[in-house]
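Subject: Structure for you to look at

Hello,

Here is the structure I promised to pass on. Please open it and keep it beside this note while you read.

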Amino acid sequence: MTTANIEVADWREHLIDSWDGIRRVLAETQRIAVLGIKEGDHRPAFFVPEYAQRAGFEIVPVPVYYPDATEMLGEPVYRTISAIPGDVDMVNVFRKPQDIPAHLDDIIAKRPKTVWFQLGIRNDEAAERLAKEGIDVVQDRCLLVELRRIGR
């Protein structure tokens with residue numbers, strides 16, 4: 001096997017789609033930056049991170065809208081992922097697939113362990129770029145559903 005083939009095999013290991021992989025990712029996660037968090041309890045981009053916060057995760061809001069917001073879910077708001085002080089275990093993404101590429105450099109600069117594209121969000125090119133950076137990627141899955149599945 002050539003070196004190029006070994007590299008391809010390695011990055012694909014960061015595309016997480018198995019139950020064991022999901023369980024591992026969640027076990028290794030404590031601090032979640034929520035890109036695209038929204039206000040309003042009826043919106044998934046609000047109630048999913050709210051649920052995760054109640055389940056014991058630290059939530060760091062990174063809204064795309066709400067330019068005047070300084071706090072969401074009782075936590076300070078940051079305008080970019082890279083502006084967040086300290087480490088981030090996961091970036092939970094609530095953005096349309098076509099809007100994700102504009103955030104990739106910012107996400108990669110922070111070096112989270114995982115980037116999680118919420119249910120209905122899939123961007124294979126973005127996932128490949130993140131995986132090639134050594135970042136685990138989960139696509140098209142609801143964080144709330146998977147947290148309930150593991151009993152949190």
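Start with the sheet. In this predicted model, six strands form an open sheet with parallel pairing. Their order is S1-S8-S7-S6-S2-S3.

Which strands stand at the edges? They are S1 (15-16) and S3 (58-62). Each has a single partner strand, so one side of each is left without a neighbour in the sheet.

Look at S1 next. Two bridges join S1 to strand S8 (residues 136-138), and the two run parallel. Ile 16 stands opposite Val 138 in S8.

Now find helix H3, residues 44-54. H3 packs on the sheet and touches strand S2 (31-35), S3 and strand S6 (90-93). The direction of H3 makes about 155° with that of S3.

Then the nonpolar residues. In soluble globular proteins, nonpolar side chains tend to be buried together. Here the largest nonpolar core has 27 residues. Ile 32, Trp 116 and Leu 143 touch the most other members. Helix H2 (19-27), S2, H3 and helix H6 (143-149) each supply at least two residues of this core. Which of them gives the most? H3 does, with five residues.

Trp 116 deserves a look of its own. Leaving aside neighbours within four places in sequence, Trp 116 is in contact with residues including Ile 22, Val 25, Leu 26, Met 90, Val 138 and Leu 143.

Another core lies apart from the largest one. This other core has 21 residues, among them Ile 100, Phe 117, Ile 121 and Ala 127.

Best wishes

Conventions: Residues numbered from 1 in each chain as written. Predicted model: local features only at pLDDT ≥ 70, side-chain atom pairs only at ≥ 80, totals over all residues. Heavy atoms only, no water. Pairing = 2+ DSSP bridges. Helix = DSSP H or I, 4+ residues; strand = E, 2+ residues; numbered from the N terminus. Contact = heavy atoms within 4.5 Å. Axes fitted to C-alpha atoms, helices over the stretch in contact; angles between N-to-C directions. Core = buried A, V, L, I, M, F, W, Y, C linked by side-chain atoms within 4.5 Å. Buried < 20%, exposed > 50% of the residue type's maximum accessible area, 1.4 Å probe, protein only.
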